[in-house]
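Biologist: I have a chain open on my screen and would like to walk through it slowly. Could you start with the words we will need?

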Amino acid sequence: MADTKSFTFHNGVEIPNIGFGTWQIPNEEAFDAVTIALKNGYTHIDTALAYQNEENVGKAIKSFELPREDVFITSKLPAQIKGYDETFKAFNETLSNLGVDYLDLYLIHAPWPWDEIGKDCTEENIQSWKAMEKLYNDGKIRAIGVSNFSETDIQALLDACDIVPMANQIPFYIGRDQESLLAFCNERNILVEAYSPLATGQILNSPVIVEMADKYGVTPAQLCIRYCLERGTLPLPKSTNEDRIIENSQLDFQISADDLDKLNAIEDVRKK
C-alpha cells in the first residue's frame, strides 16, 4: 500500500493511520501511558466505556494541551448496552468521563454482550445505530462505526438504517486476517481497524515472523503492525512501555509481495 499518515472514512473525515490502544490499561496507569503516547507523536487514542479508563485518558489529553481538533478520540458503546435511549445515556457518560463535547469516532463495541456471545441482538443494535445516526447528524460524533461485527451483523444495519458504518474494529493480525470480512468491508468503504495486531504477544515468537523481521532490520512487533497497514487496515497497538510505544510507530519500511504471501499463509495461533 502507499505510505500515508491517515486513512479517510467514506464521509471524508481523516483518521491517523495508527491508533494508541488502551484496552487492559487500568485507569490509574492510563494517564501516564496516554501522555507517553502523545509525547511520542500519537494523535489517535482509542478507549471505551468498558475499559474503565476514560477519565484518565481524557485528563492526559487535556493536560498535554494539544488543540482538541488535533487529537482523534475513539470510544465505544458497551457491548451489553443496547437500545435507543440507552445509547444516548452511555454516550453522555463517555463524554463526561473524557471531558470533551464531541467524539471523533464512536463504535458499538460488539453485536452481543460479552457474556452472551452469539446472542441475536439485531433489533437492539438497529436501535442503537439509529441513536448514533442522530448523534452524528447533530454533530456530536464525527464518524460512527461498529466493532466485532460480522458480515451478517453489518448487513442488518445496512438494511434498516441510513448511514453505512465508517469503521469495523476487529481482531486482525498475522494468522487471523479475516479475508471474507475484510473484503465485505472494503467493498462498502468500511475501514477495518485492527485491534490486537500482535495477537496479545502470541505471534511474536513465530519463527517465520522472527526470521522475516531480522531480514528487514525491524522487531517482530514492527513487522506485525506493518503487516496490518500493508493489508489496508488501521492497527491499534497497545503498550505501557515507552520504548515499545515509540517502536510501534516506527514503521518506515514496506513488506514485499512475496513476504506478504508468506505471512498470509501463517495459520491462526489460536488453533494450535
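Modeller: Let us begin with contact, which means heavy atoms within 4.5 Å. Helices (H or I, at least four residues) and strands (E, at least two) are DSSP runs, numbered from the N terminus. Please keep in mind that this is a predicted model, in which local features need pLDDT of at least 70, side-chain atom pairs count only at pLDDT 80 or more, and totals for chains, interfaces and linings use all residues. Residues are numbered from 1 along each chain as its sequence is written, and side-chain values use heavy atoms, with hydrogens and water left out.

Biologist: Fine, how many helices and strands does the chain have?

Modeller: The chain has 10 helices and 10 strands.

Biologist: And what does helix 8 pack against?

Modeller: The buried residues of helix 8 pack against strand 1 (6-8), strand 9, helix 7, strand 10 (234-236), helix 9 (242-247) and helix 10 (257-264). Buried means under 20% relative accessible area, exposed means over 50%, and partly exposed is in between, using a 1.4 Å probe and protein chains only.

Biologist: Why is helix 8 called largely enclosed?

Modeller: Because 10 of its 11 residues are buried, helix 8 is largely enclosed by the rest of the structure. Among those buried residues are L223, R226, Y227 and E230. Just after helix 8 comes G232, which takes a positive phi of about 80°.

Biologist: What does L263 touch?

Modeller: Leaving out residues up to four places away in sequence, L263 touches I174, G175, I209, M212, L223, Y227 and I255.

Biologist: Changing topic, is A167 buried or exposed?

Modeller: At 0% relative accessibility, A167 counts as buried, and its place is in strand 8. Among the residues that A167 touches, not counting those up to four places away in sequence, are F9, L105, I144 and L191. A167 and H10 are 157 residues apart in sequence and 9.4 Å apart in space, from C-alpha to C-alpha.

Biologist: Which residues have a positive phi although they are not glycine?

Modeller: Two examples are Q178, with a phi of about 45°, and A199, with a phi of about 55°. Most residues other than glycine have a negative phi. Q178 sits in the loop between strand 8 (167-171) and helix 6 (179-187), and at 25% relative accessibility it counts as partly exposed. A199 is found in the loop between strand 9 (191-195) and helix 7 (207-216), and at 3% relative accessibility A199 counts as buried.

Biologist: Last one, what covers the buried residues of helix 2?

Modeller: The cover includes helix 1 (27-39), strand 4 (44-46), strand 5 (72-77) and helix 3 (84-98). In helix 2 (residues 54-64), the buried residues include E54, V57 and I61, and helix 2 is followed by E65, whose phi is positive, near 65°.
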